[in-house]
Amino acid sequence: MPQRPIYLDAHATTPMDRRVLDAMLPYFTEHFGNPSTNSHLYGWEASAAVKTAREAIASIINATPEEIVFTSGATEANNLAIKGVAEAYFSQGKHIITIATEHRAVLDPCRYLETLGFEVTYLPVQPDGILNLAKLTTAIREDTILVSVMAANNEIGVLQPLKEIGEICHSHEVLFHTDAAQAIAKIPLNVAAMNIDLMSLTAHKIYGPKGIGALYVRRRNPRVKVASQLQGGGQEKGRRSGTLYTPQIVGFAKALEIGVAEMALESERLFKLKMQLWSMLKSLPGIQLNGNLTNRLQGNLNISIEGVNGSALILALHSVVAVSSGSACSSTSTTPSHVLTALGRDENLAHASLRFGIGRFNTAAEIETVGKQAIATIKSLRQANKL
Ligand SMILES: *Cc1c(COP(=O)(O)O)cnc(C)c1O
């Protein structure tokens, strides 16, 4: 049987941890009740499981259980945060600030709001991918209601200064939302210490199931309102209707608990693997690192390669390693990554990029194999381009 390619695409999604699956299984079959049913044992069991999971998730980010709204993932959480705040606060102002390197699940709701008469400022980032705080302060206006800045970027892994951004927002009495889909369980996140008012989470990037996530919505100092984007049975205190997906919620909490418990050791291990790969690749001429090397997710390496076509390279490597050039959602499009162009990379270099996402189940031997193969393939493609 041919070997399957080595998976180095942990920013797109991750395999589920066996421990997460084991925690979920009873809730598909035996304990299948509707958590909103309060008239019999099946409902009580499901409701108790959701309660325990909600408490665990809340406590990990230093929130209270009432501040957690379960959603289908980070896309829905971002939509609820951005459109929900816009709808609840438009009488106080119609200006929103975000950054150019956000995920499309933030950019597209913002663009949609522009069609409804909101004004959005898309702040540029510095060449290393990080937001200049002075630019943020200058951009805040009398009618600004929301600042949305991601915690960790899904293409280049850079970490934004959340605590500082939170302080600026707080002192200007503007709400602060962060898309933490890539950051949760990778870096410590504390909504109180970081002055975060809304935070989007998802389980499938942290070895949990797909189709489940949450939005943290602050209840005190200030009490944040979000207009529901899904009306119906009134679950989640009316903020998000729909029958709660008990097995996924149990799995989400389990994935988060494991991720946070193992975070310190795993970060160190991923850092070593990343540096192993980077020191191999940078031995070639014409390789540029995209994004700040130190202030980034430990499992992320994103490079631009002079003299090769990015998609040709990924195709040539596909039987050895599963990687992508940028975000999973835009990997089929021919326009260069909006994140890399925001760093000032020209179109050719933005096209010739590789994003490695190293994860929990990768080994040093796999990195060695991938590094060697990538180097050989880059050399031969460059040779062929010269002919
Ligand atoms: C993956 C991702 C999303 C989308 O999350 P889903 O749970 O798949 O909807 C949003 N933002 C960022 C930064 C991501 O990496």
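How far apart do the C-alpha centres of domain 1 and domain 2 lie? The answer is 28 Å. Keep in mind that this is a predicted model.

**Stop 1: the two domains.** Colour the chain by domain. Domain 1 takes two segments, 6-15 and 263-386. Domain 2 is residues 18-260. Now select the contacts between them. On the domain 1 side, 28 residues take part. They touch 35 residues of domain 2.

**Stop 2: the ligand shell.** Start with Gly73, Ala74 and Thr75, which are among the surrounding residues.

Stop 3: Which residue has a polar backbone atom 2.9 Å from an oxygen atom of the ligand? Select alanine 74. Move to aspartate 179. An N or O atom in its side chain is 2.6 Å from a nitrogen atom of the ligand. Next comes threonine 202. One of its polar side-chain atoms lies 2.6 Å from a ligand oxygen. On its own, the ligand has 380 Å² of accessible area, and the protein covers 87% of that.

**Stop 4: the cavities.** How many cavities of 30 Å³ or more does a search of the whole structure find? There are two. Go to the largest cavity, which holds about 40 Å³ of space. Select its lining: His103, Met150, Ala152, Asn154, Asp179, Ala181, Gln182 and Lys205. By class, this lining has three nonpolar, three polar and two charged residues.

Terms used. Residues are numbered from 1 along each chain as its sequence is written. This is a predicted model: local features need pLDDT of at least 70, side-chain atom pairs count only at pLDDT 80 or more; totals for chains, interfaces and linings use all residues. Side-chain values use heavy atoms; hydrogens and water are left out. A residue is near a molecule or strand if one of its heavy atoms lies within 4 Å of it. A polar contact is a pair of N or O atoms within 3.5 Å; within protein, one must be able to donate a hydrogen and the other to accept it, and residues adjacent in sequence count only if both atoms are side-chain atoms. Accessible areas come from the Shrake-Rupley method with a 1.4 Å probe; for residues, only the protein chains shown count as cover. On a 1 Å grid over the protein atoms alone, a cavity is a set of points where a 1.4 Å probe fits but cannot get out, and a pocket is an open set with protein on both sides within 12 Å along at least five of seven lines; lining residues have an atom within 4 Å of a point. Grid points are joined across faces, edges and corners, and a volume is the space filled by probe spheres set on the points. Ala, Val, Leu, Ile, Met, Phe, Trp, Tyr, Cys and Pro count as nonpolar, Asp, Glu, Lys and Arg as charged, and the others, Gly among them, as polar. Domain bounds come from an automatic or database domain assignment. Contact means heavy atoms within 4.5 Å.
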